[in-house]
Amino acid sequence: MKVQHVTRRAAALKSIQSPNGRSFIHTSVVLQRLYDGAPMNHFTLGWVMTNLRKRSFGMIMLLLSLAAVVPGVSIVAGLLLTIPAFQMIAGRSGPLFPRRIANYQLPTRHLLTLVRRAVPLLRYLEKMIHPRWHTPLEATKRLVGTVIIILDALIVLAPIPLTNVVPALVIALISLAYLEEDGLLLLIALLAAITVLAVFSAAVWETVRGVANSARAVL
């Protein structure tokens, strides 16, 4: 509960002004407030989306991408990531999961674990991340959704253990940039995504060439 106490105190302080003049609250504060208001024993994705409102796309993707780093959970989290990503491409105002998924109960202690690990890191990163290089919301939403779909395919389909970690972390970086309305960080994250895709494509190509050469040698 120590993390809850510290971050709650910080929540009152970490409201800043965005370039368009409106008040902006950092992601770490939003995440902590989400936990502070969580039900005692269980929570659902539907509850999360209702409480996050306009920031639900970015936060859902951030939470799922962090979950996708964990072995054994990565494929499930990756499959769930496709839902908000496709809806961003379609231009929806917020994510909508099938009722069975949205109402599925998850232990609140998992949310506590995530807050304990994520909030201190987010607070550190937010010293350097802030709203800048404003981009049109709808255009950004569709671009982010498209890139996440491509990266997500690496998480779900990559057969090599631990290959889910890098694309999941890049998705988390993109989600954080989207949440923080940081156009500069978003550009960096998209360049990182291109690099990851290029390296993965090169690795696949070399593997295919190696198999083909081996097959020709045998024949």
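**Close-up 1. Glu206 and Arg209 in helix 10 of the predicted model.** Glu206 is partly exposed, at 46% relative accessibility. Its salt-bridge partner is Arg209, with the closest N and O atoms 3.7 Å apart. Arg209 is also partly exposed, at 41% relative accessibility. Both residues sit in helix 10, three residues apart, or about one turn of the helix.

**Close-up 2. The salt bridge between Arg132 and Asp182.** Here the closest N and O atoms are 2.7 Å apart. The pair links distant parts of the chain, 50 residues apart. Arg132 lies in the loop between helix 7 and helix 8, and Asp182 in the loop between helix 9 and helix 10 (183-218). Asp182 is buried, at 1% relative accessible area. Arg132 is partly exposed, at 23%. The model has two salt bridges by the rule used.

**Close-up 3. A nonpolar surface patch that includes Trp133.** Trp133, Leu187, Leu191 and Ile194 make up this patch of about 440 Å². Trp133 comes from the loop between helix 7 (108-125) and helix 8 (137-157). Trp133 counts as exposed because its relative accessible area, 53%, is over 50%.

**Close-up 4. The largest pocket.** Its space comes to about 1100 Å³. The lining has 33 residues; Leu63, Leu64, Leu66, Ala67 and Leu114 are the closest to the pocket centre. Helix 7 gives the largest share of the lining, nine residues. Other elements that supply at least two residues each include helix 4 (56-68), helix 5 (74-89) and helix 9 (165-180). By class, 29 lining residues are nonpolar, two are polar and two are charged.

Terms used. Residues are numbered from 1 along each chain as its sequence is written. This is a predicted model: local features need pLDDT of at least 70, side-chain atom pairs count only at pLDDT 80 or more; totals for chains, interfaces and linings use all residues. Side-chain values use heavy atoms; hydrogens and water are left out. Patches are made of residues with over 30% relative accessible area and no salt bridge: like charges are joined within 9 Å, nonpolar side chains (Val, Leu, Ile, Met, Phe, Trp, Tyr) within 5 Å. Accessible areas come from the Shrake-Rupley method with a 1.4 Å probe; for residues, only the protein chains shown count as cover. A salt bridge is a side-chain nitrogen of Lys or Arg within 4 Å of a carboxyl oxygen of Asp or Glu. Helices (H or I, at least four residues) and strands (E, at least two) are DSSP runs, numbered from the N terminus. Buried means under 20% relative accessible area, exposed over 50%, partly exposed in between (1.4 Å probe, protein chains only). On a 1 Å grid over the protein atoms alone, a cavity is a set of points where a 1.4 Å probe fits but cannot get out, and a pocket is an open set with protein on both sides within 12 Å along at least five of seven lines; lining residues have an atom within 4 Å of a point. Grid points are joined across faces, edges and corners, and a volume is the space filled by probe spheres set on the points. Ala, Val, Leu, Ile, Met, Phe, Trp, Tyr, Cys and Pro count as nonpolar, Asp, Glu, Lys and Arg as charged, and the others, Gly among them, as polar.
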